[in-house]
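Please keep the sequence and the structure in view while reading.

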Amino acid sequence: MPARKHAKKIYEHFNKIVADPVLQIKRLKKTGSFRIIGWVPTDVPEELIHAAGALPIGIVALERQAVSLSTPHMQVWSCSLMRCALGMALEGSFDLLNGLIIPVICDTTRMVTGIWKQVKPYAFMDNFLLPKQVDRPSAKDYLIGEMGRLKARLEQFMDRTITASELCASIRLYNHNRSVMRKLFSLHTEHPELLSNRNMYNIIKSSMLMPKELHTNMIAELWRELEKKVDDNKSAGKKCHVRLLLSGKVWEPPVIMDIFDGLDIVSAGDDFCTGYRYIANDVPETGEPLRALAERQFNRLPIAAFAGKSGDRAKSIIKMVEETHAHGVLFVHLKYCEPENFDYPMLRDDLSAYGIPNCRIETEIDSLPGENYFEQIKAFIDSIGGVV
Ligand code: SF4
């Protein structure tokens, strides 16, 4: 890639990768003879796949037209995230994948694995079983054991041993990529006029669809461009934005971020699996690497599918609101996401009791562009005072 590409061109590159994941997989396949192993959100330890010599690819860039293809195989009251992922597989979008890992984080992911194996099997398929009772003393040891089991299965499939030094090297690579994205995210929250919500979140999503080395290099190039722009912008005066914290599983459909950009709202942070949560924590670089991967998992921002004691997630969101000076919290919930629906009443009540304005929108991957999200989001920011 030429060294001095303009920031806009770099954004376009990331955006194209997110817009056409199938083309991206085809391009990657042409660059070498490595295997590609897909993973379904969320919390699959990608470092293990990378250390095994395969390229991990997240099933995160979704095509809303594909949702209906899964209808003969899944209940229509399953979340559209899983219906879309299976639908894309059925239409052949992932035919170049050599394998797939589905984490068991809810009843839907538990159920879809068996269906997927029947209707669209790959050479390698595995379930990654996260602990459900996260605050039990045995949970961490259980997870280390589960990491070891997945490592052994990957070794068998790839016909090689993953050494500790290889896994440590993958951990360092992934940590570095997360750290440069965190730096960009800080710039985004301070200068949304330079790095919009849609561009920032596409950068995070594209990191799940690209070799990390390449992604990190592109960010370095973007950073150089943006640093110059920050200096140029200093005298121009900053536009005021409403700062919202976001909570939910994924920021789908992406038009939500366009609405934010249009209404001068900046996402100050989130606990999305495809958002800030993906980059918020690193894996410790000392000690036994499987234990280190488990350590990261337990330090990650709690989500509906992986949280400790009742109240931990609300505390985590309140802490983020305070740290980011957010004006309120917008819950972005996929319709039929049972874990989020279960958490929501308690989160709403805890945040309201703390005086934090909050609102919930219900979305679907296959909803029409904009639908009535605009009115709901606009009404919420008007209720908290509008652009300040
Ligand atoms: S956690 Fe929610 S969004 Fe994720 S797979 Fe389960 S039901 Fe779907």
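## Ala292 and its contacts

Leaving aside residues up to four places away in sequence, Ala292 touches Ile171, Val283, Pro284 and Gly287. The model is a predicted one. Ala292 belongs to helix H12, which covers residues 289-299.

Ala292 has 21 other C-beta atoms within 10 Å. A residue counts as buried at 20 or more, so Ala292 is buried. Cys168 is 124 residues apart from Ala292 along the chain, and their C-alpha atoms are separated by 9.5 Å.

## Helix H14

Helix H14 (residues 338-353) has 16 residues, which at 1.5 Å a residue should span 22 Å. Its end C-alpha atoms are 24 Å apart, which agrees. H14 has a kink of about 35° at Tyr344, shortly before the proline Pro345. After H14 comes Gly355, with a positive phi near 80°.

Which residues of H14 are buried? They are Glu340, Asp343, Leu347 and Leu351. An α-helix has 3.6 residues a turn, so residues three or four places apart point the same way. The cover over the buried residues of H14 includes helix H13 (312-324) and the strands E5 (242-248), E7 (328-334) and E8 (358-363).

## Helices H10 and H15

Two packed helices are described by the angle between their axes and the distance between the axes. For H10 (residues 255-262) and H15 (residues 373-383), the angle is about 45° and the axes are 10 Å apart. The two helices H10 and H15 are therefore oblique to each other. Val255, Ile256 and Ile259 of H10 make the contact with Tyr373, Phe374 and Ile377 of H15. The crossing of H10 past H15 is right-handed.

Technical notes: Residues are numbered from 1 along each chain as its sequence is written. This is a predicted model: local features need pLDDT of at least 70, side-chain atom pairs count only at pLDDT 80 or more; totals for chains, interfaces and linings use all residues. Helices (H or I, at least four residues) and strands (E, at least two) are DSSP runs, numbered from the N terminus. A residue is buried if 20 or more other C-beta atoms lie within 10 Å of its own, exposed if 12 or fewer, and partly exposed in between; C-beta atoms are placed from the backbone. Two residues are in contact if their C-beta atoms, placed from the backbone, lie within 7 Å. The expected span of a helix is 1.5 Å times one less than its number of residues. The bend at a residue is the angle between axes fitted to the seven residues ending there and the seven starting there. Axes are lines fitted to C-alpha atoms, for helices over the stretch in contact, and angles run from 0 to 180 degrees between N-to-C directions. Angles under 35 degrees count as roughly parallel, over 145 as roughly antiparallel, 65 to 115 as roughly perpendicular and the rest as oblique. A crossing is left-handed if the near helix is turned anticlockwise from the far one by less than a right angle, and right-handed if clockwise.
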